[in-house]
Amino acid sequence: MQFSQRVYCGQLTPEDVGRQVLLAGWVDAYRDHGGLLFVHLRDRSGIVQIVFNPATTAEDVCRQAAGLRAEYCVAVRGEVCPRLAGTENPHIETGTIEVMVAELTVLAESEPTPFAVSEKAMIAGAATAGSDPVAEDLRLQFRYLDLRRPSMRDHLVRRHRIFQCVREFLDAQGFVEVETPMLTMSTPEGARDYLVPSRVHAGSFYALPQSPQLFKQLLMVGGLERYFQLARCFRDEDLRPNRQPEFTQLDLEASFIDEEFIYALIEELTARMFAVGGIALARPFARMTWTEAMETTGSDRPDLRFGLRFVDVTDLFVNTNYSIFKQILQRGGCIKGINIQGQSEKLSKNVLQNEYAKEIAPSFGAKGMTWMRVEGGRFESNIVQYFSPAELDGLRQRFGVADGDVLIMVADPSYSVVVSALGQLRLHLAHRLGLVPADRFCPVWITEFPLFEPTEDGGVTSSHHPFTAPDRTDFDPANIEDLLSLRSRSYDLVVNGEELGGGSIRISDRDVQRKIFAALGLGEEETREKFGFFLRAFDFGAPPHGGLALGMDRTVSMILQTPSIREVIAFPKNRSAACPLTGAPSVVAREQLAELGLLDLGGRDLLPGDAQKDDPIDRLSWVSRIGFAADERPMLEAVRAQAETLADLAAERAGTEDPIFTVAPVANRLRPGTEARPSPLAENGRLLQSAPAVKGDYFKVATILE
Amino acid sequence: MEELFVHRPAEATASGNGPLHGMKVALQPNCSVAGWPADAGSDALADFKALEDATIAGRLRQAGAVLCGTTRMSEFGFGLHGSRAGEAVRQGAADAELVLDLMGESRLAALRASVFGFKPSYGRLSRLGIIGLIPSMECAGLVTADLEVIAKILDAVAGADEMDFSMPAEPAADPEDGPIDPSRLTIGVIAEALQGLDDDAQAGFRQTLAAIRETGATLLDLSFPEFSLFPLAHQVVGAVEASSCAGRYDSVRYGRRAPGAKNWNEMYLRSRGAAFGPLVKSYLFQGAYFQFERYGAFEAACRIRSRLVARMDRLAAQVDVLALPAVDLAGSGNAASLGDTYARFGATLFANVTGQPALVLPPCPGTGGAGLQLTAARGGDGRLLALGRHLFNGRGGKA
C-alpha cells in the first residue's frame with residue numbers, strides 16, 4: 001500500500017471526476033442495496049461516498065466489502081465519478097460525487113462501538129444514528145471514538161487555529177514564549193494546590209502552579225520585557241459544572257507599559273481569536289468601572305447583550321408613607337428597580353406576585369420584590385395605593401414608563417442584597433422573556449475594582465492578590481476607611497456575562513509593596529516566609545510591568561459556542577474531577593507511597609484529637625466534644641470506672657435475645673398530606689432568635705479548622 | 001430558698017373551654033410553650049425561648065386548662081437534684097403538674113409531696129416539643145392531688161400526633177371502666193422488688209398489702225429473678241441515648257458560646273464543657289464510653305432490656321395489676337452524683353425500661369414512707385387508673 005499517493009476524502013471535488021485515487025479512513029456508515037453497497041468513508045478531512053458495484057467491482061472485492069462494519073479502518077482504490085442526478089447528498093461536502101471502488105484493503109476491524117460515531121446522514125433528509133445524545137461519561141471513557149466525530153474533530157482543529165492565531169500575533173508584537181516550571185512552590189492564588197511529593201526530599205512537596213504569576217513577574221525583573229505562555233494551570237477547587245482541575249490560560253506580561261497598552265493589545269488579539277469562529281467583535285470594547293457595573297447590573301461580570309439596567313429610586317421615597325420602604329430607608333437602605341419595557345403581556349399579575357415576588361426574588365436573597373404594571377397610563381399593583389401621586393410621578397419620570405411596561409423594585413437595608421438580588425432577577429427575566437440575542441457578543445472591560453475587601457475581624461484582605469498596584473500610593477496602611485476606598489489598577493475582560501480573563505498593573509516599588517503588606521497585617525517575618533524569594537527580586541531594580549491571563553478553554557468554548565468547556569478539550573476530566581478514560585485519580589501501591597516517604601506522614605503532625613488519644617478521660621472528652629475542668633477529673637474517672645463495671649456486667653448477662661431499641665417500634669412514615677417546605681420559623685428568622693451568634697441570616701460559628 | 005416557679009406568665013389564660021376548664025396546670029421549663037423560657041434546667045439552653053407550643057401544652061390549653069407557669073427543675077429533668085417538682089401541687093398553687101419521668105421523677109416527686117404520681121404508657125403522649133434526654137424511656141408524668149384529674153388530663157392530651165414521628169401507630173387504649181369485682185381481683189407481688197428496701201419500708205409495704213387483701217382481692221406472689229437488672233439496662237441504654245441526644249447542644253443554634261475558641265472543635269469543647277452540670281456531664285461521659293469504647297455493652301444492655309420487657313409482659317398478663325413499693329431510696333451520700341441518683345430511683349425505673357404505665361398512691365400513715373406503686377401492661381393506662389381508684393377508696397381514701 002503506497003500511502004504516499006493517498007488523497008483526503010473531504011478534499012475531492014467534481015473536478016476530480018475521472019481520477020484514480022487512493023483513499024484511507026473509517027467506515028462512517030453503509031447501506032446495502034441488494035448487492036450494491038454504499039459506504040461513507042471518513043477521514044480527518046471529511047466524508048466521501050464509496051460504491052461497491054457488482055457490475056464494475058471484482059466479485060471478491062464485493063464479497064469482502066459485504067463484511068465491512070462501522071468504524072472498520074480501510075483503504076480503497078477507485079475512480080471518482082459524478083453521482084446520478086437525484087442521488088446527491090447535501091449533508092456532506094462531497095455530496096455530488098462518489099468513488100467507484102476497484103480495490104479494498106481492511107487495515108483494521110472494529111468491534112461494535114459503544115455509541116454511534118456517525119454524524120452524517122447517507123441520503124438527503126434522513127436522520128443519522130449519531131444524532132441521539134450519548135451519556136457524557138461514556139463519551140469520555142471512549143474519548144478516542146468520540147474524537148472521530150466530525151464535530152469534535154472540528155472543535156480541536158479550531159482550537160488549534162485559535163492557539164496558532166495567538167502565537168502568531170504575539171510573536172509579531174515582540175512577545176517571547178517562555179515555559180515556566182510545573183513543579184514549583186505554592187503561589188498566593190487562593191485556591192487549593194495540587195501537591196506532588198518529592199522522593200529526594202522525603203516529606204516535602206512541590207505544588208503544581210495555579211498560575212505562573214510569580215514566575216512571569218520574575219521574567220519581567222529578568223528583563224524579558226514581553227512574555228507569554230499558553231500555560232497549563234492547576235486548581236483543586238470545589239467542583240462546578242464548567243470548571244476543570246487543570247486548564248489552559250494565555251499568560252502574558254509586559255514591562256514599561258500601562259493599561260492602555262494592555263487594552264489595545266488584548267482587544268486586537270481577542271478580535272482575531274473570535275474571527276476564527278467567524279465572529280466579528282466591535283471595537284473598541286466597552287469599559288465600565290466596577291462601581292458602575294454593580295450599580296447598573298448588580299454584577300462585576302455584567303451581561304450587556306440586553307438592557308434591563310438598574311435605576312436608583314431611593315431619593316423618591318425619602319418621605320414615603322409606605323411603611324416597608326420607610327423602615328428600610330430609616331435603616332440606611334436603598335431601593336433600585338428595572339423597567340422591563342413592553343413585557344406586561346408576558347408578566348401577568350399572577351406571575352409577578354406568585355412567582356417572582358413570592359418565590360424567585362426570595363430565592364435570590366431579597367426579602368421581597370415590588371412590582372407595577374403600566375396599563376392605560378396607570379400603575380397596576382397590589383400596593384400601588386400606598387404610594388403618593390408625587391411618588392408615582394417620580395417613578396414614571398425616572399423609569400420613563402410607557403404602557404405595557406413592567407417595573408420591578410427591590411428594597412433592602414443592605415446595598416449588597418439589593419444589587420445582588422436585582423442582578424439575578426435581571427438575568428432570570430432576560431432569559432425567561434427571550435431578551436438575550438443569540439449571536440451577539442458584548443465584550444467589556446471592568447476596571448477600578450476595590451483593592452481590598454473588609455474581613456470579619458475588622459481588617460482587610462486583597463480582592464485580587466497582594467501584588468496588584470493601587471490607584472494611588474499615598475494611603476495610610478492603618479486606616480481601614482482609607483484602605484477600603486482604594487481602587488486597584490486591575491481589569492477584567494468580560495464577554496456576555498462570562499469573565500474570560502483579567503490582570504493588573506503590578507506593584508514594582510518596594511515601599512508600596514511594604515505598605516500593602518502592612519495593610520494586610522502581614523509582618524516582616526511572615527512576608528519573608530511566604531514571598532521572600534519573590535520580594536528579594538524587587539530589591540534589584542524591577543521595571544514597571546503588568547499583564548493579564550485569559551482562560552483559553554473558556555474563550556474557545558465561547559467562540560465555538562459549545563455547551564461546555566469539555567467539548568473543546570481533548571481529554572477533559574468529568575464533573576467530579578475524574579478521567580473516565582484512564583481511571584485517574586487512582587490508588588497507588590504501598591511500596592510507591594513508602595518510596596515517597598508518605599506512609600508515616602500522619603504521625604508527624606498532630607491531627608485534631610491525636611493528643612487526646614492516650615488518656616482515657618481526655619479521649620472521652622474529645623469524642624463527645626465536652627471539655628472539663630481539672631477539678632472534675634476525679635469525678636469523671638470514677639464514672640468511667642463505674643461504666644466499665646456496668647459494661648462488664650452487661651456483657652456477662654447479655655443473653656441471646658434480639659436487642660430492642662424501643663418498646664414501641666415506629667414504622668417510617670410521612671406526615672399525611674404535607675409536602676416538604678421551608679419552616680416558617682426559618683423564613684421569618686425566629687429560628688435564629690436563641691442563637692448566641694448570628695451573622696445576617698446565618699448562624700455564626702467558629703472556623704472549622706485553624 | 002429559690003422561687004418555686006421559674007416563669008409565671010403575666011396573664012395565664014386558656015384558649016379553649018373544654019373539660020379542663022379552669023384547671024391550673026404547672027409545667028417544667030422543658031415543655032415548650034410559645035414565647036416562654038424553656039431552658040430545660042440547663043445552661044446548654046440558657047435564655048432559650050420556645051418557638052411553638054408542645055403538642056400536649058397546646059392540647060391542655062385547648063381543653064380549657066390554664067398553664068400557670070414552670071417550676072424549677074433538675075438539668076434536663078434527670079433526677080430530682082435541684083428540682084421542686086410536686087411542690088406546686090402540695091402548696092395548692094396548681095391542680096396538676098407535668099413532670100418529665102425519665103427514671104421515676106414524677107412518681108418520686110408525688111411521693112415526696114404525698115400526692116398521686118402517674119407515668120403513662122410510653123407512646124400514649126406526644127413528645128413533640130418536650131426537651132428530653134432519654135428518648136426511648138422518658139414520658140411526661142402527672143403529679144396531682146386528685147386521681148380524677150389524672151384521667152381527665154390523660155383524656156385531653158393523649159393520642160396520636162402526626163407531628164411526632166416517634167409515636168407508635170397503636171390502636172386506641174383499653175376501655176377504662178367495666179365493673180371491678182373485688183373478690184375476683186388478682187394483684188401480683190414481685191418478691192424481688194422488695195429487695196433493697198430497709199426494714200421499715202419492707203414492713204410498711206407489707207402492711208399496705210395486708211390492707212389490700214382486706215378489700216377482698218387475691219394477692220399472687222410472682223418471681224422475677226432478673227428484677228435487679230433494671231438499673232443496669234436503664235443506665236447503659238439511657239447514657240448512650242443521652243449522649244446522642246445532647247449532641248445538639250452545640251452553642252450554635254442555642255445556648256451560650258464560651259469565648260476564645262480558635263476553631264470549631266474548641267468551640268464545642270469549651271461551650272459544651274461549660275454548659276453541662278456535673279451529673280449530666282458524668283452521664284454523657286458514660287454514654288460516650290459505651291458508644292465509642294464498649295459498643296458491645298450497649299447492645300448487651302438492649303438484649304437484657306428485651307428480656308426484661310418480655311418477662312414483665314408475662315407477669316402482667318397473669319394478674320389484674322402488679323403492686324410494687326414506691327420508695328425514695330435517697331442515700332446519705334452526694335445526691336448529685338450519678339451513682340446516688342440511680343440508687344435513689346431503684347424502685348421506679350423499671351417502668352421507664354419497659355414503657356409500662358405506673359401509678360403511685362401516696363403512702364398511708366405508718367407505712368415507713370413506702371407508697372404503693374401499681375403497674376400493668378403497656379397500654380393499660382385506663383384500667384390501671386380505675387383499679388388505683390378502687391384500691392385507694394378501699395383503704396378509705398386515706399393518704
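Visitor: Why is strand S11 of chain B largely enclosed by the rest of the structure?

Guide: Please bear in mind that this is a predicted model. Strand S11 covers residues 371–375 of chain B, and five of its five residues are buried, so the strand is largely enclosed by the rest of the structure.

Visitor: Which residues of S11(B) point one way, and which the other way?

Guide: B:Leu372 and B:Leu374 point one way, while B:Gly371, B:Gln373 and B:Thr375 point the other way. All of them are buried.

Visitor: Which strand do five bridges join to S11(B)?

Guide: To read pairing, one looks for bridges between two strands. Five of them connect S11(B) with strand S9, residues 321–326 of chain B, and these two strands run antiparallel. Within this pairing, B:Thr375 of S11(B) is the bridge partner of B:Leu322. Strand S10, residues 358–361 of chain B, also pairs with S11(B), in the antiparallel sense and over four bridges. Here B:Leu361 has B:Leu372 in S11(B) as its bridge partner.

Visitor: How many helices and strands are there in chain B as a whole?

Guide: Chain B has twelve helices and eleven strands. It comprises 399 residues, of which 59% count as buried. Among contacts in chain B with a separation of 6 or more, 76% are between residues 24 or more positions apart.

Visitor: In what order do the five strands of the open sheet in chain A lie?

Guide: The order is S12-S13-S16-S14-S15, with antiparallel pairing. Strand S14, residues 370–375 of chain A, is joined to S15(A) by three bridges, and the two run antiparallel. A:Glu375 has A:Arg378 in S15(A) as its bridge partner.

Visitor: Let us turn to a loop. Is A:Arg625 buried or exposed?

Guide: A:Arg625 is buried, because 21 other C-beta atoms lie within 10 Å. This residue is located in the loop between helix H18 (616–623) and helix H19 (633–653) of chain A.

Visitor: With which residues is A:Arg625 in contact, leaving aside its neighbours within four places in sequence?

Guide: A:Arg625 is then in contact with B:Asn265, B:Tyr268, B:Leu269 and B:Arg272.

Technical notes:
Residues are numbered from 1 along each chain as its sequence is written. Chains are lettered from A and ligands numbered from 1 in the order in which they are written. This is a predicted model: local features need pLDDT of at least 70, side-chain atom pairs count only at pLDDT 80 or more; totals for chains, interfaces and linings use all residues. A residue is buried if 20 or more other C-beta atoms lie within 10 Å of its own, exposed if 12 or fewer, and partly exposed in between; C-beta atoms are placed from the backbone. Two residues are in contact if their C-beta atoms, placed from the backbone, lie within 7 Å.
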